[in-house]
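Thanks for coming. I will walk through one structure today, going from the whole chain down to single residues. Please have a look at it first.

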Amino acid sequence: EGKWVEVQIRSERMNEAAEYGMAAHWKYKGLNDKKEELTQRISKTLKLISKQNENPVEFLDNLKLNIFTTEIFVFTPHSHVITLSKNATVLDFAFKVHTKLAFKSIAAKINGKTVGLDTVLNSGDKVQIITSNSQFPKPEWLNFVITQKALRNLKDFFRKKENLKLQKETK
């Protein structure tokens, strides 16, 4: 029906991290929540932390899971999941899908809204790349892509372009 559905599949440990970990959703709900519910959740979190202190490796793994998340998950128009680095842009997404697509990119639609190639993506975004056959990579793209694939492909493109220019000048 074209509607988004959220599905969560996680182990018991992952569930504990999501419910009581450092970035648990209840911390962001605000001050208007019921005081009793907040007190209970804080109590459960403290119990979890004290349990994990028995095994420092597990505690650090949980901490890393909650604080140092370095990936986001976005969707293609056909709902395929694409994994990218945190702070990746629309252009990074395009390079992840295909280099030729990225080279012809002029804009994108994120969740139906038209945005520029330098727009930073968030987990859960649905991204559609808009292309033009008259578009070619621009040097300023190097200022906002962050993935190695995007950087490598752009640098290769400009290096080859420079080499062709030098060859024409020497003839």
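**The chain as a whole**

Take the contacts in the chain between residues at least 6 apart in sequence: 53% of them join residues at least 24 apart. Contact here means heavy atoms within 4.5 Å.

Before going on, a word on where this comes from. This is a predicted model, in which local features need pLDDT of at least 70 and side-chain atom pairs count only at pLDDT 80 or more, while totals for chains, interfaces and linings use all residues. Residues are numbered from 1 along each chain as its sequence is written, and side-chain values use heavy atoms, with hydrogens and water left out.

The chain has six helices and five strands. Helices (H or I, at least four residues) and strands (E, at least two) are DSSP runs, numbered from the N terminus. In sequence order, the pattern reads α-α-α-β-β-α-α-β-β-β-α.

How much of the chain is buried? Of the 171 residues, 28% are. Buried means under 20% relative accessible area, exposed means over 50%, and partly exposed is in between, using a 1.4 Å probe and protein chains only.

**Helices H4 and H6**

Next, a pair of helices. Two packed helices are described by the angle between their axes and the distance between the axes. For helix H4 (residues 90–97) and H6, the axes come within 8 Å and cross at roughly 80 degrees. Axes are lines fitted to C-alpha atoms, for helices over the stretch in contact, and angles run from 0 to 180 degrees between N-to-C directions.

Which residues make the contact? From H4 they are Asp-92, Phe-95 and Lys-96, and from H6 they are Lys-149, Ala-150, Asn-153 and Leu-154. By type, the residues of this contact divide into three nonpolar, one polar and three charged. The classes are these: Ala, Val, Leu, Ile, Met, Phe, Trp, Tyr, Cys and Pro count as nonpolar, Asp, Glu, Lys and Arg as charged, and the others, Gly among them, as polar.

Why is H4 described as largely enclosed by the rest of the structure? Because six of its eight residues are buried. The buried residues in H4 are Val-90, Leu-91, Asp-92, Phe-93, Ala-94 and Phe-95.

**Around the loops**

Two residues sit in the loop between E2 and H4: Asn-87 and Thr-89. Asn-87 is partly exposed, with a relative accessible area of 47%. Its phi is near 75 degrees, a positive value in a residue other than glycine.

Thr-89 is buried, at a relative accessible area of 2%. Leaving aside neighbours within four places in sequence, Thr-89 is in contact with Leu-117, Asp-118, Thr-119, Val-120, Leu-121, Phe-144 and Val-145. Thr-89 and Gly-116 are 27 residues apart in sequence and 9.2 Å apart in space, C-alpha to C-alpha.

Another threonine, Thr-76, lies in the loop between strand E1 (71–75) and strand E2 (81–85). Thr-76 is buried, with a relative accessible area of 11%. Not counting residues up to four places away in sequence, Thr-76 touches Ile-82, Phe-93, Lys-126 and Val-127.

**The sheet**

Strands of a sheet pair through backbone hydrogen bonds, either parallel or antiparallel. Here three strands form an open sheet in the order E4-E3-E5, with antiparallel pairing. Strand E4 (113–115) and strand E5 (127–131) are the edge strands, each pairing on one side only. Two strands pair if DSSP finds at least two bridges between them. Three bridges join strand E3 (residues 105–110) to E4, and Ala-108 stands opposite Val-115 in E4. The loop between E3 and E4 holds Asn-111, whose phi is near 50 degrees, again positive in a residue other than glycine.

**Salt bridges**

How many salt bridges does the structure hold? There are two. A salt bridge is a side-chain nitrogen of Lys or Arg within 4 Å of a carboxyl oxygen of Asp or Glu. One joins Lys-3 and Glu-1, at 3.8 Å from N to O, and both residues are exposed.

Asp-156 forms a salt bridge with Arg-159, with the closest N and O atoms 2.8 Å apart. Both lie in helix H6 (residues 148–170), three residues apart, about one turn of the helix. Asp-156 is partly exposed at 28% relative accessible area, and Arg-159 is partly exposed at 48%.
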